[in-house]
Amino acid sequence: ELFPRAIGWNPNGYLGFPHNQFYPPFFSYLVALLSFPLGLEVAFKLIVSLSILLLPFAFYFFARSFKLSEEQSLLFALLSLAFLTLPSNWFALAQLGANFDSTFVVGLIPNALGFTILLFYLSSVPKLKNKKYFIISTLLLSALVLTHLFSAIIAVLYSLSFFFVSLIQKENTKLYIKHYLLSFLLTSFWSIPFLLKRNLSESAFIPFRIDFYLTIAIILICLLLAFFFYKKEYSFLPLSLFLLLLLLFFVIVHSLFIPLHTYRFILIIYIILLLLSSKLFRANLETSVDVQA
């Protein structure tokens, strides 16, 4: 009904609401665009299906971006998909946001699409300094900003970790700055009105709970990162910085009582644990082979 406008008044539901004003428009815009040749129902099901069916490839490429072998990457993809089938209430006070019960039971569809795009973006960030991948990474980040806020925040924090590593190593950082500026320009038609009118929207403040599962996950991540640094696997340095930035983000949000649902970031912590575990499995296998030789 609103197409081709990305933002507009939706008269359906109670007294109506400003459609896409406080929620990114990419999913509904994409479905609306495809609905003309395919019909609305088919277009909706197609986007949801692609969001799920592309996940194995997204996990695989994410693992490969850390120079994991093909076997490690396949193991990581398998473990991650299995993890997504687990119920959210095992790990958070509410829905994790991109696992299967969040998608199919609750209906957090844009979150699912955003998570798949996020994984592809994370895979492209290490290649960002290569100008051939610059446009791809920028388009992916722009799509994330227009798809889901939480995925976009993770994406920015992750790429910032690579930016800081480049600063430490005194490498060319101009591409990162251009990357952020161009992404902002491409999404400015929505992000600028969103920022200017953000105070007109309210969101409940939900405290971040560090439960038993999350505590074990964080401890294991720290131990695995320490082990890989001991083995001089310095490719995980940006990942370590990303986790520190994520921790700093949590502290700032909760110190200022910003009403942001930080439990939605828990999923990426478990995904990182599975990534490091997949790498460890291969390291142990190589060690046993060397001993036998």
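**Cavity, pockets and a helix contact in a predicted model**

Modeller: The largest cavity holds about 80 Å³ of space. This is a predicted model, in which local features need pLDDT of at least 70, side-chain atom pairs count only at pLDDT 80 or more, and totals for chains, interfaces and linings use all residues. Residues are numbered from 1 along each chain as its sequence is written, and side-chain values use heavy atoms, with hydrogens and water left out.

Colleague: Which residues line the largest cavity?

Modeller: The lining, meaning residues with an atom within 4 Å of a point, includes Leu96, Asn111, Phe115, Phe150 and Arg264. Helices H6 (109-124), H8 (149-168) and H12 (266-292) each give two or more residues to this lining; a helix here is a DSSP run (H or I) of at least four residues, and a strand (E) one of at least two.

Colleague: How many of the cavity's lining residues are nonpolar?

Modeller: Eight are nonpolar, three polar and one charged. Asp, Glu, Lys and Arg count as charged, and Gly as polar.

Colleague: What is the volume of the largest pocket, and which residues lie nearest its centre?

Modeller: Its volume is about 1,100 Å³. Of its 45 lining residues, His19, Asn20, Phe22, Tyr23 and Pro24 lie nearest the centre. H1 gives the largest share of the lining, seven residues. The second largest pocket has about 460 Å³, and H9 gives the most to its lining, with eight residues.

Colleague: How do you know that H7 and H9 are in contact?

Modeller: Contact means heavy atoms within 4.5 Å, and the residues that make it include Phe134, Leu141 and Val145 of H7 and Tyr180, Leu186 and Trp190 of H9. The axes of H7 (residues 131-145) and H9 (residues 174-196) come within 9 Å and cross at roughly 40 degrees, on a scale from 0 to 180 degrees between N-to-C directions.

Colleague: Where is confidence lowest?

Modeller: By pLDDT, the predictor's confidence in each residue from 0 to 100, H12 is lowest, at a mean of 75, and H3 (residues 55-64) highest, at 96. Over residues 288-293 pLDDT stays under 50, and the model has zero contacts there beyond four places in sequence. The chain averages 87, with 94% of the residues scoring at least 70.

Definitions and conventions
On a 1 Å grid over the protein atoms alone, a cavity is a set of points where a 1.4 Å probe fits but cannot get out, and a pocket is an open set with protein on both sides within 12 Å along at least five of seven lines; lining residues have an atom within 4 Å of a point. Grid points are joined across faces, edges and corners, and a volume is the space filled by probe spheres set on the points.
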